[in-house]
Every structure is written in structure tokens, then in C-alpha cells.
Amino acid sequence: MVPLAAIRENLLNSWSQPIPEYLNDFAHNHRLDLPNLTAKLLIGDARQTITKVIDAGFQAEAIFLDPFSPGKCPQLWTVEFLALVAKCLSPTGYLVTYSCAASVRRALQLAGLQIGATDSVGRRSPGTIASFLSLPPSLSVQEREHLQTKAAIPYRDATLTDPAEVIIQRRRSEQALCDLEPTSHWKKRWQRSVSSIEISE
């Protein structure tokens with residue numbers, strides 16, 4: 001619906017030809033075959049459609065993970081789903097996402113990936129890069145400590161079928177039972193640290 005609506009609203013007109021023609025074909029046919037590009041659009045619940053990618057043996061050198069935020073779309077930030085995404089990543093590939101949420105970073109670690117921070121682009125917070133390769137240390141002390149708080153409890157969806165409300169409630173229950181540091185304590189501690197640094201400067 002999104003690409004077809006973009007075509008109806010003439011949002012492709014700002015691109016030079018043949019790009020609008022290619023995007024129009026892609027939106028209608030869900031496939032594009034060019035001399036230097038083969039693209040396929042899979043429509044449906046990503047928790048199920050990703051199995052087609054895995055079954056095809058596809059291994060990506062780069063994955064950009066861009067669902068809505070974990071609070072709005074926890075289904076695509078669970079340990080189980082990210083483990084499937086990791087199966088589609090080549091041994092030398094990289095996954096990048098705008099999210100720096102501790103729950104997301106912890107889920108990527110549980111999926112077997114090394115994590116680091118990216119530069120912030122268009123927002124104050126950094127993003128996250130992940131790979132099976134060893135990444136140079138790029139998480140700050142503050143970010144590493146964040147991964148030791150209740151915020152780092154990941155979302156879980158063992159059957160890959162649960163609705164968002166169930167996934168969110170499951171995480172809240174796990175957070176309530178765990179003995180990790182409350183995220184509010186971590187936040188206050190770092191606010192005090194920043195204040196003391198500013199005063200000393």
C-alpha cells in the first residue's frame with residue numbers, strides 16, 4: 001500500500017527517469033530485474049516471510065533494520081526474530097539499525113552478534129552496528145552500563161506469532177522479576193556524572 005500510495009501522490013516525480021519507472025514496476029510486480037540489480041519485495045508478517053529468505057540461502061553483506069520503534073512494534077525486535085535476521089547475514093556482513101535501545105542491543109548479542117555504536121545521523125542518539133566479526137570497541141562506558149540494567153531485558157516471542165501487547169507485557173513481567181539495576185538509577189547516576197563534569201570544566 002505504501003509504494004502504491006506514493007505513486008498515486010506523484011511522489012516519484014522528483015526522481016529522474018528511469019528511476020520512477022523502475023519503482024513503479026517494483027511496486028506493482030514486487031520484483032525488479034535489471035542488469036546490475038535484482039530486487040524482490042516480500043509482503044506480509046516479516047516473522048513469517050523471513051523464512052523464505054532463509055530457505056533460499058540468501059546471505060546479505062549489509063542489512064538495514066528499520067522497523068517502527070520497539071515500543072510500537074516489538075514483534076520485529078525480539079530475540080527470536082533477530083536470530084532469524086542473523087541467519088541471513090553473511091559471516092563478513094554488517095547489520096545496522098537506528099536503534100540504540102538496550103533491549104535491542106542485548107537481543108542482537110543473544111543472536112550471536114558483536115555490537116558497536118554508529119555515529120548519530122539525523123538524531124541525537126547513535127545507532128547500532130552488529131556483525132559476527134569482532135568490532136572495534138565503540139560503546140561508551142555509559143552505553144555498556146546501560147546493558148546491565150532492566151532496560152536491557154529483551155523482547156521475546158518464542159512462537160513468532162504473539163501480538164505486540166503480549167510481547168510487551170511479557171517483557172514487563174521479566175523486568176519486574178529480575179534483580180538488575182533499575183534504569184532510572186543508571187540514568188540518575190549518569191546525570192550526576194555529567195553535572196559534575198560540567199562544573200569541573
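Buried means under 20% relative accessible area, exposed over 50%, and partly exposed anything in between (1.4 Å probe, protein chains only). The model is predicted: local features need pLDDT of at least 70 and side-chain atom pairs pLDDT 80 or more, while totals for chains, interfaces and linings use all residues. Residues are numbered from 1 along each chain as its sequence is written, and side-chain values use heavy atoms, without hydrogens or water.

**View 1**
Helices (H or I, at least four residues) and strands (E, at least two) are DSSP runs, numbered from the N terminus. In order, the elements read α-α-β-β-α-β-α-β-α-β-β-α-α-α. Along the principal axes, the C-alpha atoms fill a box of roughly 60 × 45 × 35 Å. The protein has 201 residues, and 36% of them count as buried. Its accessible surface is about 12500 Å² by the Shrake-Rupley method with a 1.4 Å probe. Carbon and sulfur atoms hold 57% of that surface. Contact means heavy atoms within 4.5 Å. Among contacts with a separation of 6 or more, 61% join residues 24 or more positions apart.

**View 2. The annotated region, residues 14-131.**
An unreviewed UniProt entry annotates this stretch as "domain: MnmC-like methyltransferase". Such annotations may be inferred rather than shown by experiment. In the model, residues 14-131 are 33% helix and 26% strand.

**View 3. Helix α2 (residues 19-29) and its cover.**
P20, F26 and A27 are buried in α2. Down the helix axis, the buried residues fall within an arc of 125° (from the directions of the C-beta atoms), so they line one face of α2. An α-helix has 3.6 residues a turn, so residues three or four places apart point the same way. The cover over the buried residues of α2 includes α1 (2-8), β1 (31-34) and β2 (37-40). H28 and N29 sit on the other side of α2 and are exposed. H30 follows α2 with a positive phi, near 60°. I19 also belongs to α2. With a relative accessible area of 33%, I19 is partly exposed. I19 and T118 are 99 residues apart in sequence, and their C-alpha atoms are 30 Å apart.

**View 4. The β1-β2 hairpin.**
A hairpin of 2 residues joins β1 to β2. The strands run antiparallel and share 4 bridges; two strands pair if DSSP finds at least two bridges between them. R31 has K40 of β2 as its bridge partner. L32 and L34 form the covered face of β1. R31 and D33 form the uncovered face.

**View 5. The salt bridge of D157 and R47.**
A salt bridge puts a side-chain nitrogen of Lys or Arg within 4 Å of a carboxyl oxygen of Asp or Glu. By this rule the model has 8 salt bridges. In this one, the closest N and O atoms of D157 and R47 are 2.8 Å apart. D157 lies in the loop between α6 (141-146) and α7 (164-177) and R47 in helix α3 (residues 46-55), so the pair ties together parts 110 residues apart in sequence. D157 is buried, at 0% relative accessible area. R47 is buried too, at 7%. D45 joins R47 and D157 in a network of salt bridges.

**View 6. Two further salt bridges, E143 with R105 and R170 with D162.**
The E143-R105 pair is 3.0 Å apart, N to O. E143 lies in helix α6 and R105 in helix α5 (residues 102-110), so this pair links parts 38 residues apart in sequence. Both E143 and R105 are buried. The side chains of R170 and D162 meet at 2.6 Å, N to O. R170 is partly exposed, at 32% relative accessible area. D162 counts as buried, at 16%.

**View 7. I153 and its contacts.**
I153 sits in the loop between α6 and α7. Its relative accessibility is 7%, so I153 counts as buried. S103 is 50 residues away along the chain, yet the C-alpha atoms of I153 and S103 are separated by 5.4 Å. Beyond its neighbours within four places in sequence, I153 is in contact with S103, R171, E174, Q175, C178 and L180.
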